[in-house]
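The sequence and the structure come first.

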Amino acid sequence: MDLQLLFPIAVVVVLWFVLRRLPRRTLSGAETEPRMWGKRQLAREESALSNKEDEMEIRLYEKSREVAARIDGKLALLQELVSRAESAAARLERALAAFEALNVPHDGDASRGSRSRPVDEAAAPAPSDETPAGPDFGDAPPDAVWEEARSLATYGFSPAEISQQLGIPEGLIRDRLAK
């Protein structure tokens, strides 16, 4: 026999021997079918996505409730501020009406006291020992009257003008505003 023929035969025998020694893996029927593997994997992924969707829906619901609560709180605060602004506007309108009734100039210059009263004696108030009564506070608590006095002082009215408008002695107003 030729050496050239022996070499390929030896290679084939060695390969056959090596392949026989390797352990064989047996496949079950379910693993060999690619369609079943895809369906299982797809079912797992759908389940995971469904769980994530549920979590996101819960988060969105909680966030929407939080935002709604914050909006409600801010609306309540805004309504309170509007109420206070309307009250302050009403007080200012009463103060302005009383101020104009006294015929005192608005510009706050040095000639404030130099304007004379109306000449009509019948319309002019009669001088008295008491300070003239201002706007009617009705059954308003004293705190409301003092709040009005502080508000008028804040807007630049002098204690004498406040005394005339509210019907409170000027000295008492000075003492109370000094605190």
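Read along the sequence, the pattern is α-α-α-α-α-α. The protein has six helices and zero strands, where helices (H or I, at least four residues) and strands (E, at least two) are DSSP runs numbered from the N terminus. This is a predicted model, in which local features need pLDDT of at least 70, side-chain atom pairs count only at pLDDT 80 or more, and totals for chains, interfaces and linings use all residues. Residues are numbered from 1 along each chain as its sequence is written, and side-chain values use heavy atoms, with hydrogens and water left out.

**Overall figures**

The accessible surface of the protein comes to about 15,100 Å², and 58% of that surface belongs to carbon and sulfur atoms. Accessible areas come from the Shrake-Rupley method with a 1.4 Å probe; for residues, only the protein chains shown count as cover. Of the 179 residues in the protein, 13% are buried. Buried means under 20% relative accessible area, exposed means over 50%, and partly exposed lies in between (1.4 Å probe, protein chains only). Among contacts (heavy atoms within 4.5 Å) between residues at least 6 apart in sequence, 54% join residues at least 24 apart.

**Salt bridges**

Side chains of opposite charge can pair when their charged atoms come close. A salt bridge here is a side-chain nitrogen of Lys or Arg within 4 Å of a carboxyl oxygen of Asp or Glu. A search of the whole structure finds six salt bridges.

| Salt bridge | N to O distance |
|---|---|
| Glu 66 and Arg 70 | 3.8 Å |
| Arg 84 and Glu 80 | 3.2 Å |
| Glu 147 and Arg 91 | 3.7 Å |

Glu 66 and Arg 70 both lie in helix H3, four residues apart, which is about one turn of the helix. Glu 66 is partly exposed, at a relative accessible area of 39%. Arg 84 and Glu 80 are also both in helix H3, again four residues apart, or about one turn of the helix. Arg 84 is exposed, with a relative accessible area of 55%, whereas Glu 80 counts as partly exposed at 38% relative accessibility.

Glu 147 is partly exposed, with a relative accessible area of 42%, but Arg 91 counts as buried at 17% relative accessibility. Both residues belong to a network of salt bridges that links Arg 91, Arg 94, Glu 147 and Glu 148.

Phe 157 lies in the loop between helix H4 (142-154) and helix H5 (159-166). At 16% relative accessibility, Phe 157 counts as buried. Leaving aside residues up to four places away in sequence, Phe 157 touches Ala 95, Phe 99, Leu 152, Ile 162 and Gln 165. The C-alpha atoms of Phe 157 and Ala 95 are separated by 9.5 Å, although the two residues are 62 residues apart along the chain.

H5 is mostly covered, with six of its eight residues buried. The buried residues in H5 are Pro 159, Glu 161, Ile 162, Ser 163, Gln 165 and Leu 166. Just after H5, Gly 167 takes a positive phi of about 75 degrees.

Ile 173 is in helix H6 (residues 170-178) and counts as buried at 0% relative accessibility. Not counting residues up to four places away in sequence, Ile 173 touches Trp 146, Pro 159, Ile 162, Ser 163 and Ile 168. The C-alpha atoms of Ile 173 and Ile 162, 11 residues apart along the chain, are separated by 7.8 Å.

**Surface patches**

Patches are made of residues with over 30% relative accessible area and no salt bridge; like charges are joined within 9 Å, and nonpolar side chains (Val, Leu, Ile, Met, Phe, Trp, Tyr) within 5 Å. Lys and Arg count as positive and Asp and Glu as negative, while His and the chain ends are not counted. The place of a charge is taken as NZ of Lys, CZ of Arg, CG of Asp or CD of Glu.

Val 14, Trp 16, Phe 17, Val 18, Leu 19 and Leu 22 make a nonpolar surface patch of about 640 Å². Leu 22 sits in the loop between helix H1 (3-21) and helix H2 (29-32) and is partly exposed, with a relative accessible area of 49%. A patch of negative charge on the surface gathers Glu 53, Asp 54, Glu 55 and Glu 57. Glu 57 is in helix H3 (residues 34-101) and is exposed, with a relative accessible area of 54%.
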